[in-house]
2 protein chains.
Amino acid sequence: MLSLIPVLTIMNQRQGHEAKCDTVIVRFGGEIGIKSEWTRRAYERLVLRNIYRALRHRGTVYDKLLRKRGRIYVKSDSASEVAEKLTRVFGISSVSPAANIASDMKEIARAAVAVASDMAESGSSFAVRCHRVGDHAYSSLDVCRQVGEQILEKLAERNLHVDLTNPQFTISVEVRESEAYVFANTLQSAGGFPVGSQAKVVGLLSGGIDSPVALWLAMKRGCTVTPVYLDNSPLTDEATTEKALETARKLFDWSIGYPRNVYVVPHGKNLQTIMENAPRKFTCLLCKRIMYRIAERIADAEKAEGIVTGEAIGEQASQTLVNLRVLDEAVSTYPVHRPLLGFDKTETEALARRIGTYETSIREAKGCSAAPSQPSTQARLEVVKEAEKQLDIPTMVEESIRAARIVTV
Amino acid sequence: MLSLIPVLTIMNQRQGHEAKCDTVIVRFGGEIGIKSEWTRRAYERLVLRNIYRALRHRGTVYDKLLRKRGRIYVKSDSASEVAEKLTRVFGISSVSPAANIASDMKEIARAAVAVASDMAESGSSFAVRCHRVGDHAYSSLDVCRQVGEQILEKLAERNLHVDLTNPQFTISVEVRESEAYVFANTLQSAGGFPVGSQAKVVGLLSGGIDSPVALWLAMKRGCTVTPVYLDNSPLTDEATTEKALETARKLFDWSIGYPRNVYVVPHGKNLQTIMENAPRKFTCLLCKRIMYRIAERIADAEKAEGIVTGEAIGEQASQTLVNLRVLDEAVSTYPVHRPLLGFDKTETEALARRIGTYETSIREAKGCSAAPSQPSTQARLEVVKEAEKQLDIPTMVEESIRAARIVTV
């Protein structure tokens, strides 16, 4: 009976992509490769740990996680599903669900035919590429030629033809010593550094389009993120809060296995006090300066190293270059990081779609009804500080912090 | 003789693209359109002024600049050349060199045939699209149909065919009241806000890949930019300085008509003092903290509203989240804006190529030889400040500022 096993395997492989691809090739982000030896190894270990967390937390079935020769290999019968999930783990540049076989020309050709049979529509053009490391009886060119011939012969009824310049699909063969990998699909991941490779940031999250994108960019560069949502009800409504929490959920899908906590801080009373006691044109600036101070207190509590906001130069009246300076002055012990400074709105929206927060961010909710019709765009710091003298800011911050709750989403 | 003029014009139009396209359609960046009426008008006027400057400073020939119906039209016999130049003016989303004719069906068809004749290779597929504003004897569909028929008929020898789904070229017809525009090419511009719509920033420029991109992003959002180059010679060489000045030149090609000044500040002696008098692992942090302070002094002198740097989280040892906090603390009166915080190196490089600074940035030069082999990645502020006590920082800053020169590039 034993002799039947290879035959059964081949039959099984021919039934569908899932059956053939038993491995996901995971390539590290290019920027990890140029780090010092010590840092590179630490980052690679962290990517491995984050992959483990991402798969385990989502109950994805896999057999083994291997790190070898500058890559990670995940063994799984659900290679496509695993690959899809790993596109949301930072520190990875791309992934390919692949068939892993011995570096034997016949086996390679058989696997290549099986993978091609899933890709090839009638009349398609294709190319074969090979990358080879180690000593073998054949050259890379031999692999391309023989695999190409086998595909043309075994799938003759599909009328395929070779086109090396602009093929409709490409069969890639990677030969590494005694093993080989055959694949046709490579999914791009988001690159960056593994979450946890940098310290923590606290980030202002509003429920709008920008702030989750700003936090995602900090996450992409390795930071763990604790969002802070300032609840302006009754000047906003419950739907606004729910939107913010939902965007946080989507955001945390990019840092599976790390805490999913959001600070929800009552701020509506503060905002009302500001509207009643300070020039209307400064409402947004004064509101934000208090938000910054609250974020600063939470950064202390969370042992964070910075505050992230979604501001882009000139996007709103409170975000002119002059007003950003006025805002910045409210925080002295942390840098305020604004990864979207140079983004156009359309660019931020495109990124939000890719991240998965866009649809939630544009959901109907009561926008903040405190915004004045003629906000100051060129506020003078002295005048804003003078206006703040009418407010008991330490008490406002203190009461908000005391009423804050941590929501795990 | 007068009756010959239209015939001559048509003959002339058939000779080449330049002869036909007498107008450049300029579309404002989308974000300008969602500003308040007052701001929108001010921004549109500024785009107009910047176009005027860009064309005049480059000696480009044009006849007229018109702002009407939410767009700008530049009349010029060198429409393609003008269009190319305007892709480097911020606040513009796209430009199209076009033939401007009366909204008469025959004229439209004639212009469309002439434009198509430049685009159509033998056997090409094409589509005609029409957008119409105003009352006309024909519908948009009529235009598409009749223009399409005329192209097929007049260019019959080219064997063209219509493909509305995936055409190889598209003839666009825009009918606006009594006028019409016909074009085949739309060039994407960089969007953003017009330079001068925001205040000034001072930016640290190193000659490397990142810093000019960071300054470009601030410029893109409307800021005027004054680069500050810290000259570390003899720890770097003359080629490093020349590289920095050359990237500044390329950068200023995006803000034609605005000052092209670069501060060149001697800093090598400071760096040597740091190397000799403070722990080596802090060299880069201490060097940068002094650079920040120098930038702060120049920001005062230039009446700037912020300092821009090219740092990205985790890109180098001095740019870990923890160390950015240590750097930030050196400046108290300006925000430090870091538009590249969330960028991967490959993303910054791609943008540098588009901007035109990449080739200069990678030119051979002596890298800074002061960088230690084991820099601190998690410096504690108190320890860094303790190390600074061994240095006479106010004097170092003062002497650098006094020896600074302004180079107009």
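Before anything else, a reminder to myself on handedness: a crossing is right-handed if the near helix is turned clockwise from the far one by less than a right angle, and left-handed if anticlockwise. I also note that this is a predicted model.

**Entry 1: α10 and α16, chain A**

I took the crossing of α10(A) and α16(A) first, and it is right-handed. Helix α10 covers residues 268–277 of chain A and α16 covers residues 393–403; their axes come within 9 Å and cross at roughly 160 degrees. Angles over 145 degrees count as roughly antiparallel, so I put α10(A) and α16(A) down as roughly antiparallel to each other. Which residues make the contact? From α10(A) I listed Lys269(A), Asn270(A), Thr273(A) and Ile274(A), and from α16(A) Met396(A), Glu399(A) and Ser400(A). Sorted by class, the contact has two nonpolar, three polar and two charged residues.

**Entry 2: chain A as a whole**

Next I stepped back to the whole chain. I find 16 helices and 15 strands in chain A. Its C-alpha atoms fill a box of roughly 85 × 40 × 35 Å along the principal axes. Chain A has 409 residues, and 57% of them count as buried. I also checked contacts with a separation of 6 or more: in chain A, 81% of these come from residues 24 or more positions apart.

**Entry 3: Tyr138(A)**

Is Tyr138(A) buried or exposed? I have it as buried, because its relative accessible area is 11% and the cut-off is under 20%. Tyr138(A) lies in the loop between β5 (125–133) and α7 (140–154) of chain A. Leaving out residues up to four places away in sequence, I see Tyr138(A) touching Ser103(A), Asp104(A), Met105(A), Ile108(A), Arg132(A), Val143(A) and Val175(A). Met105(A) is 33 residues from Tyr138(A) along the chain, yet their C-alpha atoms are separated by 8.1 Å.

**Entry 4: α8 and α13, chain B, and Trp216**

Over to chain B. Helix α8 (residues 210–220) and helix α13 (residues 345–355) pack at about 70 degrees, with their axes 9 Å apart. That angle makes α8(B) roughly perpendicular to α13(B). On the α8(B) side I noted Asp210(B), Val213(B), Trp216(B) and Leu217(B), which meet Lys345(B), Thr348(B), Leu351(B), Ala352(B) and Ile355(B) of α13(B). The classes here are six nonpolar, one polar and two charged residues.

Trp216 made me look at the core. The largest nonpolar core has 152 residues, and of these Trp216(A) and Trp216(B) touch the most other members. Beyond neighbours within four places in sequence, Trp216(B) is in contact with Phe90(B), Ala190(B), Leu251(B), Trp254(B), Leu351(B) and Ile355(B).

**Entry 5: α11 and α12, chain B**

I looked up one more pair: helix α11 (residues 283–302) and helix α12 (residues 321–328) of chain B pack at about 40 degrees, their axes 9 Å apart. That makes α11(B) oblique to α12(B). The crossing of α11(B) and α12(B) is right-handed. Leu285(B), Lys288(B), Arg289(B) and Tyr292(B) of α11(B) meet Asn323(B), Val326(B), Leu327(B) and Asp328(B) of α12(B). I count four nonpolar, one polar and three charged residues in this contact.

**Entry 6: Thr226(B)**

Last stop: Thr226(B), in strand β11 (residues 224–231) of chain B. Thr226(B) counts as buried because its relative accessibility is 6%. Apart from neighbours within four places, Thr226(B) contacts Lys200(B), Val201(B), Val202(B), Gly203(B), Asn261(B), Tyr263(B) and Glu302(B).

Notes:
Residues are numbered from 1 along each chain as its sequence is written. Chains are lettered from A and ligands numbered from 1 in the order in which they are written. This is a predicted model: local features need pLDDT of at least 70, side-chain atom pairs count only at pLDDT 80 or more; totals for chains, interfaces and linings use all residues. Side-chain values use heavy atoms; hydrogens and water are left out. Axes are lines fitted to C-alpha atoms, for helices over the stretch in contact, and angles run from 0 to 180 degrees between N-to-C directions. Helices (H or I, at least four residues) and strands (E, at least two) are DSSP runs, numbered from the N terminus. Angles under 35 degrees count as roughly parallel, over 145 as roughly antiparallel, 65 to 115 as roughly perpendicular and the rest as oblique. Contact means heavy atoms within 4.5 Å. Ala, Val, Leu, Ile, Met, Phe, Trp, Tyr, Cys and Pro count as nonpolar, Asp, Glu, Lys and Arg as charged, and the others, Gly among them, as polar. A nonpolar core is a set of buried Ala, Val, Leu, Ile, Met, Phe, Trp, Tyr and Cys residues joined through side-chain atoms within 4.5 Å. Buried means under 20% relative accessible area, exposed over 50%, partly exposed in between (1.4 Å probe, protein chains only).
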